[in-house]
Amino acid sequence: MPGKIYFIDVTNRDGVQTARLSLSKLQKTMINMYLNDFGVFQSEFGFPTTSHETNYLRANLELARMGVLKPIRLSGWIRATEEDVERAFQMVPELEYLNISISTSDQMIQGKFNGRKSRTDILEQMVNASRAALRAGIKGLGINAEDASRTDIKFLIDFATAAKEAGAERFRYCDTLGYDDPFTIYKTVNQIAESISMPVEIHCHGDLGMAVANSIAGAKGAVDAGQDAYINTTINGIGERAGNADLVSCVLAISKSKGLSGKYKLGRPIVLNKAYTLAKYASYAFGVPIPINLPGVGANAFAHSSGIHADGVLKDPENYELYNYEELGRGEPELVETGRLICSGEYSGISGFSHIMGKMKVTFANASEARRILELVRYANVEAQMPLVEDELLFIARYPEIARRLLTLTPLAD
Ligand SMILES: [Zn+2]
């Protein structure tokens, strides 16, 4: 059986680590909802050892149990130490999936630990952390080799083999600095996948402008070796420094490109016509415009002005378009209010709120229920510091108890 390609989106982990950007806990939850609708296999949904994440993580795991966030997997991310594993399970006992991370390159072993750790120590620490996670009842464990692209391949294979023997289900190859190119990553991942006979995650950054190309080449390397590949992405490529591999671009590359289309199969069907909604929401929540030339979802992705192109596309879109905008969920007119606007805010009152909800055909059983939802909406505005979108208001109205938990932050509780 040839391997398949899956997507693990890391917007809620790597994306929110981006300097000067952040998401509220409700926004992170909405991202998980959109990723689930889009067909993403797993969302790396946050940091189980970080106290302000606890209520959010537990509330999202509750949504999974309720069947709302299903079938997407929600996976936490921590450092590969026994202490962090234990702390993660104390803080989020319901955790089912986890990725644990440790640096593997000599540069980072020397540069971060100042000679206090050897390669043997790194292996031992990772194995001990893995065993601790499995003892705690984790259902699926991924082992991350940070800076894998600058790590000696023989050591990487030893590392991944030890992880597999300890019970890990996947090995994550991190091109942490965006150092690989499509040729090097194909060869390296292919060789690793062949040696370890285990699914490989590909985690790429865009410091040299190759995050998407490298992700695809790495995935091809794993699949060609008979293993499943799990591409790590973020929405709109948001991520540290020059960003991560853009989710929609990776999907398009696998499903539409010359060498991959029809030959490389996705492990879970992608609902491509949700792409535009997903990209627009992340752009709004992060406060970062979608680049106009972003594949599929950018404002110019289907725009033509020059004579030859406009004439050609009008005669037959396939002359100058590789895929159709409708496939990405584009083409519907968007309503922008140019007159009076009533929107939600942290000081909203019942009259304005009822007007907004009434426009969405949401009614309440009685006045006290309406006031309760309004109170949650006010708190959501305090956290987000921007008017809520319709899907967020609907979410709060539909799952008020979950919203209450998401919005509860209790600093210095212990
Ligand atoms: Zn990263």
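Analyst: H3 and H5 are roughly parallel to each other, because their angle falls under the cut-off (under 35 degrees counts as roughly parallel, over 145 as roughly antiparallel, 65 to 115 as roughly perpendicular, and the rest as oblique). This is a predicted model, where local features need pLDDT of at least 70, side-chain atom pairs count only at pLDDT 80 or more, and totals for chains, interfaces and linings use all residues. Residues are numbered from 1 along each chain as its sequence is written.

User: What's the angle between H3 and H5, and how far apart are their axes?

Analyst: H3 (residues 82-91) and H5 pack at about 20°, with axes 8 Å apart. Axes here are lines fitted to C-alpha atoms, for helices over the stretch in contact, and angles run from 0 to 180 degrees between N-to-C directions. Helices are DSSP runs of H or I with at least four residues, strands are runs of E with at least two, and both are numbered from the N terminus.

User: Which residues make the contact?

Analyst: From H3 it's Glu 82, Val 85 and Glu 86, and from H5 it's Asn 128, Ala 129, Ala 132 and Ala 133. Contact means C-beta atoms, placed from the backbone, within 7 Å. By class, the H3 and H5 contact has four nonpolar residues, one polar and two charged. (Ala, Val, Leu, Ile, Met, Phe, Trp, Tyr, Cys and Pro count as nonpolar, Asp, Glu, Lys and Arg as charged, and the others, Gly among them, as polar.)

User: How do H5 and H6 cross?

Analyst: The axes of H5 (residues 119-135) and H6 (residues 153-166) come within 9 Å and cross at roughly 25°. So H5 and H6 are roughly parallel to each other too. On the H5 side the contact includes Leu 123, Met 126 and Val 127, and on the H6 side Phe 155, Phe 159 and Ala 162 are among the residues involved. That contact of H5 with H6 counts eight nonpolar residues, one polar and three charged.

User: And H6 with H7, what's the angle there?

Analyst: Roughly 40°, with the axes of H6 and H7 (residues 182-196) coming within 10 Å. That makes H6 oblique to H7. H6 brings residues including Ile 153, Leu 156 and Ile 157 to the contact, while H7 brings Thr 188, Gln 191 and Ile 192, among others.

User: Switching topic. Where's Lys 139, and is it buried or exposed?

Analyst: Lys 139 is in the loop between H5 and strand S5 (140-146). Lys 139 counts as exposed because it has 12 C-beta neighbours inside 10 Å. (With C-beta atoms placed from the backbone, 20 or more others within 10 Å means buried, 12 or fewer exposed, and in between partly exposed.)

User: What does Lys 139 touch?

Analyst: Glu 96 and Tyr 97, leaving out residues up to four places away in sequence. Lys 139 and Tyr 97 are 42 residues apart along the chain, yet their C-alpha atoms are separated by 5.8 Å.

User: Last one: which residues of H10 are buried, and what do they pack against?

Analyst: Ala 275, Tyr 276, Leu 278, Ala 279, Ala 282, Ala 285 and Phe 286 are the buried ones in H10. They pack against H1 (25-38) and H9 (247-256). After H10 comes Gly 287, with a positive phi near 70°.

User: And H2, which residues are buried there?

Analyst: In H2, Thr 54, Tyr 56, Leu 57, Ala 59, Asn 60 and Leu 63 are buried. Their cover includes H1, S2 (42-46), S3 (73-79), H3 and H15 (400-406).

Methods. Contact = placed C-beta atoms within 7 Å.
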